[in-house]
Amino acid sequence: MLNIEDSSQVKKRGFFEPKGGGFMRYTTKVLKCRRIGDSYSVELEKCEFYPDGAGGQLGDRGKVGKSNVLEVIRENGRTILKVDKELESNKEYTVEISENRRFDIAQQHTAQHILSRAFENLFNLQTVGFHMGEEISTIDLNTLSIDWSMVEKAEDLSNEIIWKDLTVEIIFEDFENLEKYDLRKISEKIKKLEKVRLVKIGDFDVNACGGFHVESTGQIGLVKVIHFEKVKGKYTRLEYIAGKRILNYIRTLEGRERKLFEITKASKDDLITKVQKLLDNSKDQKKKITYLVEDLKKKVILELENDPIVINDIKVYTYSSTTELIEVLASIFQKKEKSIFLGFDLFKNFVIITCNNDELGANDLIKEILKNFEGKGGGSKKRANVVLQKKLTIEDIEKIVNDILDFIKQQHF
Ligand SMILES: [Zn+2]
């Protein structure tokens with residue numbers, strides 16, 4: 001993706017040469033250091049840090065002395081570093097810029113040039129947006145219709161180009177000579193420049209760009225699109241990863257897969273069948289529970305109706321079972337005049353209360369419970385529930401019921 005703030009800056013930055021890990025080091029003076037909130041804003045005499053977000057690219061990270069660079073901000077032609085520890089003004093410091101990060105950025109950026117050209121060559125689709133993230137990067141294509149078979153063709157072509165190990169050249173060219181090249185896009189920014197920095201990938205692609213790129217395409221290793229979706233009503237956003245990020249991605253997937261094998265006790269060949277079976281079983285169980293609840297509900301209603309606790313003309317019914325049954329009972333007793341129903345699920349520490357009574361509210365009774373037990377809940381005057389933090393015991397239920405009966409007794413109707 002093209003973006004150049006000014007070509008002299010870009011020229012200084014030069015072409016990225018990975019040295020295999022470590023840091024790029026130099027010494028320079030801290031001109032200013034100001035505290036801003038929890039961090040410090042620093043200006044260096046000589047600043048080689050690439051700014052965050054310039055050209056859609058990630059910025060450099062590293063150290064100035066013992067201070068870690070948290071952000072690299074480009075402001076009015078100056079580069080300001082946000083660091084975590086204070087630095088002394090007018091003092092010389094060793095500056096370290098992470099080469100591993102630069103290499104990762106170069107892999108992602110060069111991969112973008114290749115993918116963008118692949119979609120253009122194969123399907124005549126143009127790249128209209130690019131964003132590099134810390135974990136994944138995105139390319140916006142000017143289409144809404146894309147499918148995985150198209151994506152795979154573009155991936156195949158891109159990886160062929162990567163494995164051909166084509167040389168990536170940086171060319172500084174006069175603006176008037178640009179017509180010699182088959183550039184993918186010429187932006188308004190470029191039109192203002194005398195010299196334009198071009199990134200040429202063999203005879204496959206050439207485009208104006210100010211960011212970091214690998215020396216030859218083989219250094220990218222591999223590129224993979226991992227997701228795509230429609231955006232802004234007219235574009236398709238591709239999420240892609242390249243280089244070592246693919247290794248990290250596979251490790252995450254593998255970890256997830258191993259966890260799935262562990263939980264399901266499945267093997268590689270029957271994981272999907274086993275998960276499907278578990279889901280089907282769970283559906284079956286739900287159906288069985290609904291059937292059992294229906295069957296049981298009639299018996300429980302009879303039993304409860306024969307033996308209510310009566311206080312001040314109000315009939316109180318209590319029952320402990322599974323949430324499925326007590327919720328059904330709650331719905332039935334909610335309709336009975338001058339009644340209160342208290343339902344408990346010991347496994348889920350769940351209490352449901354219904355109140356069919358003008359003077360008392362189910363939510364008030366829940367508040368009574370919350371005076372002695374911690375939990376989260378609420379509801380209306382008619383129906384309320386709570387999940388308690390404590391593991392409920394039979395004794396707890398007895399206490400809750402007695403407290404509520406006392407509370408009802410104290411009400412003067
Ligand atoms: Zn680029």
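Trainee: Is F333 buried or exposed?
Mentor: F333 is buried, because its relative accessibility is 0%. Keep in mind that this is a predicted model.

Trainee: And Y317, buried or exposed?
Mentor: Y317 is buried too, with a relative accessible area of 5%.

Trainee: How are the rings of Y317 and F333 arranged?
Mentor: Their centres are 4.4 Å apart and the planes sit at 40°, so the pair is tilted. Y317 is in strand β15 (residues 314-320) and F333 in helix α7 (residues 323-333), so the pair ties together parts 16 residues apart in sequence.

Trainee: Which residues make up the aromatic cluster?
Mentor: Y317, F333 and F341 form one cluster.

Trainee: How many aromatic pairs does the structure hold?
Mentor: There are 5 aromatic pairs. One of them is F119 with F123, tilted, at 6.2 Å centre to centre and 45° between the planes. Those two are 4 residues apart in helix α2, so about one helical turn separates them.

Trainee: How exposed is F123?
Mentor: F123 is partly exposed, at 25% relative accessible area, whereas F119 is buried at 0%.

Trainee: Switching to the metal: which residues are the protein donors of the zinc ion?
Mentor: H109, H113 and H213 each use NE2, and C209 uses SG, at 2.0 to 2.6 Å from the zinc ion. The site is tetrahedral, with angles of 90 to 131° among its 4 donor atoms.

Trainee: What's the donor spacing along the chain?
Mentor: H-x3-H-x95-C-x3-H. H109 in helix α2 (residues 99-123) and H213 in the loop between β11 (205-208) and β12 (223-231) are 104 residues apart, and both are buried.

Methods. Residues are numbered from 1 along each chain as its sequence is written. This is a predicted model: local features need pLDDT of at least 70, side-chain atom pairs count only at pLDDT 80 or more; totals for chains, interfaces and linings use all residues. Side-chain values use heavy atoms; hydrogens and water are left out. Donors are N, O and S atoms within 2.8 Å of the metal (3.2 Å for Na, K and Ca); water is not among the atoms, so sites may look incomplete. Four donors count as tetrahedral if all angles lie between 85 and 135 degrees; four count as square planar and six as octahedral if opposite donors are over 155 degrees apart and all others between 65 and 115; anything else is irregular. Buried means under 20% relative accessible area, exposed over 50%, partly exposed in between (1.4 Å probe, protein chains only). Rings of Phe, Tyr and Trp (its six-membered ring) pair if their centres lie within 6.5 Å; planes under 30 degrees apart count as stacked, over 60 as edge-to-face and the rest as tilted.
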